[in-house]
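Keep the model open as you read.

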Amino acid sequence: MGMSNTIQQLSVFLENREGRLDEVLSVLAENDVNIVALSLADTSDYGMLRMIVSDPHRGRQALKDAGITAMLTDVVALRVPHATGSLSKAMHQIVEGEVNVEYMYAFANGSDAAAILKSDDPGRVIDILKGSGFDVYSADEAYRANQ
């Protein structure tokens, strides 16, 4: 099964107040944790910051030490070629495999792109993708993207 190819996403629940995002980013920077990709979704009261970082465990601990609650979540980093329809083809395979994608965000990664997928069954997503000719990034590749 594909679980060994999942990566860890660092997630932080943020109050929607001035300076809170800066606080989180400063803690990570001070602890030499590089942000490879991020997604920030918000409402009027709160936000959810999701990040792929160079060292998720160190990032989580640094935030915890600063009094900021953070969690690690298993996600899949789909390798998407820069070709029209590539993401559509991959998503079609996941739909055909009857797996729900809860959310997704993407980032450029050299000659390819990465689509970060969160589902309730990441191992199955990896198996479906690999069985359909797609590839996923290893943790080592994802945590050091574009370097």
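Helices (H or I, at least four residues) and strands (E, at least two) are DSSP runs, numbered from the N terminus. Tyr46 lies in strand β3. This is a predicted model: local features need pLDDT of at least 70, side-chain atom pairs count only at pLDDT 80 or more, and totals for chains, interfaces and linings use all residues. Residues are numbered from 1 along each chain as its sequence is written, and side-chain values use heavy atoms, with hydrogens and water left out.

Strand β3 covers residues 46-53, and seven of its eight residues are buried. Tyr46 counts as partly exposed because its relative accessibility is 37%.

Two strands pair if DSSP finds at least two bridges between them. Strand β1 (residues 7-15) runs antiparallel to β3, joined to it by six bridges. Val12 stands opposite Leu49 of β3. Strand β2 (residues 35-42) is also antiparallel to β3, with seven bridges. Leu40 has Leu49 as its bridge partner in β3, and Ala37 has Ile52. Three residues separate β2 and β3, which form a hairpin.

Contact means heavy atoms within 4.5 Å. Beyond its neighbours within four places in sequence, Tyr46 touches Phe13, Leu14, Glu15, Asn16 and Ala41. Tyr46 and Leu14 are 32 residues apart in sequence, yet their C-alpha atoms are 5.5 Å apart.

**Helix α3**

Which residues of α3 (residues 86-96) are buried? They are Ser86, Ala90, Met91 and Ile94. Seen down the axis of α3, these buried residues fall within an arc of 125 degrees, so they line one face of the helix. The arc is taken from the directions from the helix axis to the C-beta atoms. An α-helix has 3.6 residues a turn, so residues three or four places apart point the same way.

The buried residues of α3 pack against β4 (70-81), β5 (101-109), β6 (112-119) and α4 (122-131). Turned away from that buried side, Ser88, Lys89, Val95 and Glu96 are exposed. Glu98 follows α3 and has a positive phi, near 60 degrees.

**Salt bridges**

A salt bridge is a side-chain nitrogen of Lys or Arg within 4 Å of a carboxyl oxygen of Asp or Glu. The structure holds ten. Three of them are tabulated here.

| Pair | N to O distance |
|---|---|
| Arg17 and Glu15 | 3.5 Å |
| Arg17 and Glu23 | 3.8 Å |
| Arg79 and Asp112 | 3.6 Å |

Arg79 in strand β4 and Asp112 in strand β6 are 33 residues apart, so this pair links distant parts of the chain. Both Arg79 and Asp112 are buried. Salt bridges that share partners join Glu15, Arg17, Arg20 and Glu23 into one network. Within it, Arg17 is partly exposed at 43%. Glu15 is partly exposed at 35%, and Glu23 at 29%.

**A nonpolar patch**

Leu21, Leu38 and Leu40 form a nonpolar patch on the surface, with about 240 Å² of accessible area together. Accessible areas come from the Shrake-Rupley method with a 1.4 Å probe; for residues, only the protein chains shown count as cover. Patch residues have over 30% relative accessible area and no salt bridge; like charges are joined within 9 Å, nonpolar side chains (Val, Leu, Ile, Met, Phe, Trp, Tyr) within 5 Å. Leu21 sits in helix α1 (residues 20-30). Leu21 is partly exposed, at 31% relative accessible area.

Technical notes. Buried < 20%, exposed > 50% of the residue type's maximum accessible area, 1.4 Å probe, protein only.
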